[in-house]
Amino acid sequence: MRISVVGGGYVGLVSSVCLAELEHSIKLIEVDENKVKAINSGIPPIYEKGLDEHLLLHAGRDLYATNSYEDLASSDLTLICVGTPAGKDGSADLSIVESASVSIGKALRRKEDYHVVAVKSTVPPGTTESLVMSEVLRHSCKSINEIGFAMNPEFLREGLALQDFMRPDRIVIGSSDERAGDIVESSYKGIDAPVLRTGITAAEMIKYASNSFLATKISFSNEIGNICKKLGVDVYEVMRGVGMDHRISPHFLNAGVGFGGSCFPKDVSALIRLAENMDLDPILLKSVLEVNDRQPTKIVELLIKRKGDIKGNRVAILGLAFKNDTDDVRESRAELVIKELVRRGASIAAYDPKANASMQKRIPDIEYCESASDALTDADACLVLTEWPEFGELDKEFDLMRSRVIIDGRRVLSCKNSEGICW
Ligand SMILES: NC(=O)c1ccc[n+]([C@@H]2O[C@H](COP(=O)([O-])OP(=O)(O)OC[C@H]3O[C@@H](n4cnc5c(N)ncnc54)[C@H](O)[C@@H]3O)[C@@H](O)[C@H]2O)c1
């Protein structure tokens, strides 16, 4: 199948590479000229495990990137994978989805055969029909009989994105009619996973409900962790026992410094705004964000409790990415913690195996180190904020510190004398 993918970020690029693996021919439309060049020369503009070798196999063969919508009409299916960041009031900012829909509509004016537009971006329930469908049909001057629409939410996790795309728990396809849904489903031929066919709005809501539920599990574990710390009980032992109940499952029960990333914070926040706009008061979802916002403050408070005034202290920050195995620092807890420590007069020596460069764009004026040892040298304290497995191997490197105050926000350390945020 000839597939055009609009947006070459984490979701768009990973989807393009995986769909090329499934023997489709991919045209990737991306506005950022530097990303287009990098992709066409086989170099991923983002870090994602395995992406480099797989992109190299397909770039210039069955995967071409371009910044023009010109060739979109020669595909059979278009996947919208552009960003839906949080707007100022916390609702989803749909301006990129809107401008992409306008461009897709204009490009489809010349198309003679049936075409399907599917949304993979996470969009609030109602968006595909009220915004994407209406803009595409208006600008293409076509009817719903000539262009079909679908919502096909993406559930991949950064760090495990290729594996999650190729071996998903489920494929959800909400469509305007059966024909549109069938075409989206056939693009997944070769992937062994249950397919759930729904209405478009239900598919949009499945994505928001899934992310909100996972975020709720994390905030719940953090709340239990904060109580456990006061009780002197190990929250990891507790949650191991809790997660053995098959109704609960052991996943996403890790207490720590909270969730970040480009999805959970903005998606929970967008769902809250959506509910409020319908005169509902989603108190549970609001608490999920409130607990999450408090965890970074807690790790700073713990540090102050141990060190007193931290003005002039050198604090080693291990981990900047919002999770391990990615260079993505969007909504990373590290950014909040670093800004608070700088405000209190500490100097920061930061190290992340992959995310130094992305954090440097957001916080340029702190020290970025080439290794954990460099960051720890002469440090007055150390905070661990990302669960990179290599931090679990650190041991004698902590002897390089001026004073051995080590606070683990992710339960990754195995060295002696570290204190956990909730344990
Ligand atoms: N990152 C994830 O782990 C993940 C997982 C599931 C779902 N999602 C959802 O998928 C969507 C995309 O997320 P992402 O992380 O890939 O975002 P991203 O910001 O990494 O990528 C979006 C890309 O779209 C490009 N773009 C912007 N405007 C464009 C336009 N008009 N035409 C073509 N390209 C354009 C940008 O330059 C960027 O490269 C979001 O709605 C997100 O919530 C993300």
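1. Leaving aside residues up to four places away in sequence, Arg273 touches Asp89, Gly90 and Ser91; contact here means heavy atoms within 4.5 Å. Arg273 belongs to helix α10 (residues 264-277). Helices (H or I, at least four residues) and strands (E, at least two) are DSSP runs, numbered from the N terminus. With a relative accessible area of 25%, Arg273 is partly exposed; buried means under 20%, exposed over 50% and partly exposed in between (1.4 Å probe, protein chains only). Gly243 lies 30 residues from Arg273 along the chain, and their C-alpha atoms are separated by 31 Å.

2. On provenance: the model is predicted, local features need pLDDT of at least 70, side-chain atom pairs count only at pLDDT 80 or more, and totals for chains, interfaces and linings use all residues. Residues are numbered from 1 along each chain as its sequence is written, and side-chain values use heavy atoms, with hydrogens and water left out.

3. Which way do the side chains of strand β4 (residues 77-80) point? Leu77 and Leu79 point one way, Thr78 and Ile80 the other way, and all are buried.

4. Strand β4 has parallel partners in β1 (residues 2-6), over 4 bridges, and in β5 (residues 115-119), also through 4 bridges. Strands pair if DSSP finds at least two bridges between them.

5. Strand β1 runs parallel to β2 (residues 25-29), joined by 5 bridges, with Leu28 of β2 as the bridge partner of Val5. Strand β2 in turn runs parallel to β3 (residues 63-66) over 4 bridges, where Ile26 has Leu63 as its bridge partner.

6. Two crossovers deserve a mention. Strand β1, helix α1 (residues 10-21) and β2 make a right-handed β-α-β unit, and so do β4, helix α4 (residues 95-108) and β5. Right-handed means that, with the strands pointing away from the viewer, the path from the first strand over the helix to the second runs clockwise.

7. Ile227, Leu231 and Val233 form a nonpolar surface patch with about 280 Å² of accessible area together (Shrake-Rupley method, 1.4 Å probe; for residues, only the protein chains shown count as cover). Patch residues have over 30% relative accessible area and no salt bridge, like charges being joined within 9 Å and nonpolar side chains (Val, Leu, Ile, Met, Phe, Trp, Tyr) within 5 Å. A salt bridge is a side-chain nitrogen of Lys or Arg within 4 Å of a carboxyl oxygen of Asp or Glu. Ile227 is found in helix α8 (residues 200-231) and counts as partly exposed because its relative accessibility is 47%.
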